[in-house]
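Welcome! Please take a look at the sequence and the model below, and then read on.

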Amino acid sequence: MTESLPITILLDDELALRFDKIRSAVNKLEAQFNFQAMTANWYGDENDITLIQLCLFTPESFSKAHKTQREQNLEQISDDVFTVTQYHNKLLICNVAITTAELTLLTQQKKILAAFVETKLRKVLNLIAKQLALQPIK
């Protein structure tokens, strides 16, 4: 049986189709962020680990997700990020949009895709760390 990692990253299908290398970049980031979170002692108490699911969206799918999850415990972090807490605060779903301007930039400069996604998701994870009173990841 395979156990899932505390931090997972999911991709909108349209992003995966639009950027052929984004899936491999996201897989590497998932392992990297889990390791960095472990070294920052995010998992100190194994009985009290909040699972974080980062979901990357296009602007259209982000808007749709925002509308469908509006009735849930939704917290708007910024224009392009909102979180939903589920399962008695043990699962934090964090929806992150790659904005229209960012999509344009990434389409024109595909070489920066991995670094861009890493920077954006690290920033989001550190905002979550602040909310949960955890050390930021480097």
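## Strands side by side

Two strands pair if DSSP finds at least two bridges between them; strands (E, at least two residues) and helices (H or I, at least four) are DSSP runs, numbered from the N terminus. This is a predicted model, in which local features need pLDDT of at least 70 and side-chain atom pairs count only at pLDDT 80 or more, while totals for chains, interfaces and linings use all residues. Residues are numbered from 1 along each chain as its sequence is written, and side-chain values use heavy atoms, with hydrogens and water left out.

With that in hand, look at strand 5. It pairs with strand 2 in the parallel sense over 7 bridges, and Leu 54 has Cys 94 of strand 5 as its bridge partner. Strand 4 runs antiparallel to strand 5 and is joined to it by 6 bridges; here Gln 86 stands opposite Leu 91.

## A strand covered on both faces

Strand 5 is largely enclosed by the rest of the structure, because 7 of its 7 residues are buried (under 20% relative accessible area with a 1.4 Å probe, protein chains only; exposed is over 50% and partly exposed in between). In a regular strand the side chains alternate between the two faces of the sheet. On one side of strand 5 are Leu 91, Ile 93, Asn 95 and Ala 97, and on the other are Leu 92, Cys 94 and Val 96.

## Helix 5 and its surroundings

Helix 5 takes in residues 113–131 and reaches 27 Å from its first C-alpha to its last, close to the 27 Å expected (1.5 Å times one less than its number of residues). Its buried residues include Phe 116, Lys 120, Arg 122 and Ile 128. Among the elements that cover the buried residues of helix 5 are strand 1, helix 2, strand 5 and helix 4. Just after the helix, Ala 133 takes a positive phi of about 60°.

## The nonpolar cores

A nonpolar core is a set of buried Ala, Val, Leu, Ile, Met, Phe, Trp, Tyr and Cys residues joined through side-chain atoms within 4.5 Å. The largest one has 34 residues, and Trp 42 and Val 117 are among those with the most contacts inside it. Helix 5 gives the largest share of this core, 8 residues. A second, separate core of 9 residues includes Cys 55, Ala 65, Leu 91 and Ala 97.

Key:
Contact = heavy atoms within 4.5 Å.
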